[in-house]
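Please look over the sequence and the structure shown here before reading on. The briefing that follows goes through a few places in the structure, grouped by topic.

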Amino acid sequence: MSSIYRNARFLSSATTTKTLPPEHGLEVAFAGRSNSGKSSTLNCLCEQKSLARVSKTPGRTQLINFFELPNGNALVDLPGYGYAKVPEHMKLEWQAFIESYLIGRTTLVGMVIIMDIRRPMLDYDHIMLEWAESRQLPVHIILNKSDKLKRGAMTQALNDTRKALKEYDLPATVQTFSSLKRLGVEDLAKQLDTWMNPVIEE
């Protein structure tokens with residue numbers, strides 16, 4: 001696997017569109033429900049234990065966090081959705097902020113959506129797919145925690161997710177993954193390489 005992800009470093013956090021860093025290089029956003037293992041997936045990819053903070057209280061992170069790669073590209077950690085015990089008006093503010101980033105960010109070339117393989121394609125996952133479809137943003141779905149299922153159930157979940165994606169008119173791929181067992185890390189890295197290939201080859 002390319003060592004470029006191992007050298008990711010925290011760049012900045014944003015709480016509003018005005019505090020987003022300047023558009024530079026290419027970006028891939030990571031999204032997912034707060035209990036899907038999003039932070040663990042990022043840490044597993046980058047082989048760093050605490051690059052993305054794993055909260056003991058899922059859903060509290062209100063920031064969009066940017067992690068810069070050595071070539072000037074970035075991995076972007078979006079706030080977890082669908083879980084936080086916060087006021088409804090705050091959830092709506094988060095949603096508006098995430099939507100403005102996804103729709104308007106010109107340097108965004110792809111989105112990784114992390115789902116718990118035992119509970120894939122829930123309401124908020126569909127919302128993320130609809131946003132991606134609106135701007136034809138490529139999506140790669142991570143069915144995380146695959147170590148929790150037997151092979152037959154894992155294959156069924158993979159096939160069901162692929163079938164559900166046919167409802168959307170957008171380029172989308174799916175894979176199984178386990179951040180605990182480090183299964184599927186190279187496949188994820190290859191997908192990111194494909195999206196950010198123009199800069200990676202320089």
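**A glutamine and its surroundings**

Leaving aside its neighbours within four places in sequence, Gln-175 is in contact (heavy atoms within 4.5 Å) with His-140, Ile-141, Ile-142, Leu-143, Leu-158, Gly-184, Asp-187 and Leu-188. The model is a predicted one, in which local features need pLDDT of at least 70 and side-chain atom pairs count only at pLDDT 80 or more, while totals for chains, interfaces and linings use all residues. Residues are numbered from 1 along each chain as its sequence is written, and side-chain values use heavy atoms, with hydrogens and water left out.

**More on Gln-175**

- Gln-175 belongs to strand β7, which covers residues 172–176; helices (H or I, at least four residues) and strands (E, at least two) are DSSP runs, numbered from the N terminus.
- With a relative accessible area of 6%, Gln-175 is buried, where buried means under 20% relative accessible area, exposed over 50% and partly exposed in between, for a 1.4 Å probe and protein chains only.
- The side chain of Gln-175 reaches the backbone oxygen of Gly-184 at 2.9 Å.

**Helices α1 and α5**

- Helix α1 (residues 38–46) packs against helix α5 (residues 185–195) at an angle of about 85 degrees, and their axes are 10 Å apart; axes are lines fitted to C-alpha atoms, for helices over the stretch in contact, and angles run from 0 to 180 degrees between N-to-C directions.
- The two helices α1 and α5 are therefore roughly perpendicular to each other, given that angles under 35 degrees count as roughly parallel, over 145 as roughly antiparallel, 65 to 115 as roughly perpendicular and the rest as oblique.
- On the α1 side the residues are Thr-41, Cys-44 and Leu-45, and these meet Val-185, Leu-188, Ala-189 and Leu-192 in α5.
- By class, this contact of α1 with α5 has six nonpolar, one polar and no charged residues, with Ala, Val, Leu, Ile, Met, Phe, Trp, Tyr, Cys and Pro counted as nonpolar, Asp, Glu, Lys and Arg as charged, and the others, Gly among them, as polar.
- Asn-43 also lies in helix α1, and at 7% relative accessibility Asn-43 counts as buried.
- Between Asn-43 and Arg-6 there are 37 residues of separation in sequence and 9.2 Å in space, C-alpha to C-alpha.

**Salt bridges**

- A search of the whole structure finds eight salt bridges, each being a side-chain nitrogen of Lys or Arg within 4 Å of a carboxyl oxygen of Asp or Glu.
- One of them joins the side chains of Glu-47 and Arg-6 (2.7 Å, N to O), linking distant parts of the chain, since Glu-47 is in the loop between α1 and β3 (64–68) and Arg-6 in the segment before β1 (9–14), 41 residues apart.
- Glu-47 counts as partly exposed at 41% relative accessibility, and Arg-6 counts as partly exposed at 36%.
- The side chain of Glu-47 also meets that of Arg-182 in a salt bridge (4.0 Å, N to O); Arg-182 lies in the loop between β7 and α5, so the pair ties together parts that are 135 residues apart in sequence.
- Asp-116 and Arg-119 meet through their side chains in a salt bridge (2.9 Å, N to O), in which Asp-116 counts as buried at 5% relative accessibility, whereas Arg-119 counts as partly exposed at 42%.
- Asp-116, Arg-118, Arg-119 and Lys-145 are linked in a network of salt bridges.

Technical notes. A polar contact is a pair of N or O atoms within 3.5 Å; within protein, one must be able to donate a hydrogen and the other to accept it, and residues adjacent in sequence count only if both atoms are side-chain atoms.
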